Amino acid sequence: MMMMEIPTNGRVYVTGSGGIVGRHLCAVLQEVAPGWEILRNTADLTDLAATTRGLKAAGPLDLVIHLAALVPVDAVLADPARGYAVNVGGTVNLLAALAQSEDGDTAIQPETGRAAPRARLLCCSSGHVYASQPDPIRETDRTEPVSVYGKSKLLAEQAAREICQDTGRALCVPRLFSIHDPDQQGSYLRPSLERRLAKADPGAPFELHGAESLRDFLTAEQAARILVRLALGGAEGVVNVGSGTPQRVADFAQSLASFPLNIKSIGTPNILVPDVSRLRALIGENHD
């Protein structure tokens, strides 16, 4: 099954547009859907009043792409309450504010005098809602997050699902697995490896936690292109987002190095890779 044709115009509201994936996503939207008007959220989503003001000012919307989240592992571990406030509370506030804005005068269509249809929501989630398992993970597999981040993203999903069901709003929940980008900073895998590689002795063992672990790596730009196609094409439900090609963490590290690594694996390896059959059914085999 292929997705429907992308509408030539519309109005899309994007949260988290300043993040790694968000910056690529807005550029991709401008490239593939030049007739669409892009409105970027600037409000603190943990502030319901500010979020409501921002959405009312935006006016009628066809689509909301929700990317904003507290993602860095160290930030979430250091302040779990804020992780939940941003990832779960921010999602709830966004939906509450969106409903208020749609119920206001700005949502009335002048040509019909009727309220505009509710904007569709793409609520970006994470592969970390699953636990490690030996086989590619399907969307119907059990969710067993082991990290605070994964738990907060699963709760955000559940809240979005319940609210959208109760209010008749179409919802798509893409679950991104392993994303990397040259501009990433902080505690993400790629910048952490790049910092270590810059100081590494080429002749010394390179200790790497979980070197034999399997992941499915996508660049942030590849992920953004997939999200845009899912959002504009009207996909609904949970969709695992990945390349479909598992890679050892050791091989990913080697791809970033300018010299052969003598990798010494430490820690217990695990496997977190998606089954992308549904993604391919929605947007085709060549989805990067």
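Two strands pair if DSSP finds at least two bridges between them. In this predicted model, strand β1 (residues 10-15) is joined by five bridges to strand β2 (residues 36-40), and the two run parallel. Within this pairing, Tyr13 stands opposite Leu39 in β2.

Strand β1 is mostly covered, with five of its six residues buried.

The aromatic side chains form a second theme. A pair of aromatic rings is described by the distance of the centres and the angle of the planes. The structure holds two aromatic pairs. The ring centres of Tyr130 and Phe177 lie 6.0 Å apart with their planes at 25°, and because planes under 30 degrees apart count as stacked, this pair is stacked. Tyr130 belongs to the loop between β5 (125-126) and α5 (148-167), whereas Phe177 belongs to the loop between β6 (171-176) and β7 (178-180); the pair thus links distant parts of the chain, 47 residues apart. Both Tyr130 and Phe177 are buried.

In the pair of Phe217 and Phe252, the centres are 4.0 Å apart and the planes at 10°, so these rings are stacked. Because Phe217 lies in strand β10 (residues 217-219) and Phe252 in helix α8 (residues 249-256), the pair ties together parts 35 residues apart in sequence. Phe217 and Phe252 are both buried.

A ring also meets a charge: the charged end of Arg196 sits over the ring of Phe206, 4.1 Å from its centre.

Note on methods: Residues numbered from 1 in each chain as written. Predicted model: local features only at pLDDT ≥ 70, side-chain atom pairs only at ≥ 80, totals over all residues. Heavy atoms only, no water. Phe/Tyr/Trp six-rings, centres within 6.5 Å; stacked < 30°, edge-to-face > 60°. Helix = DSSP H or I, 4+ residues; strand = E, 2+ residues; numbered from the N terminus. Buried < 20%, exposed > 50% of the residue type's maximum accessible area, 1.4 Å probe, protein only. Lys NZ or Arg CZ within 6 Å of the ring centre and 35° of its normal.
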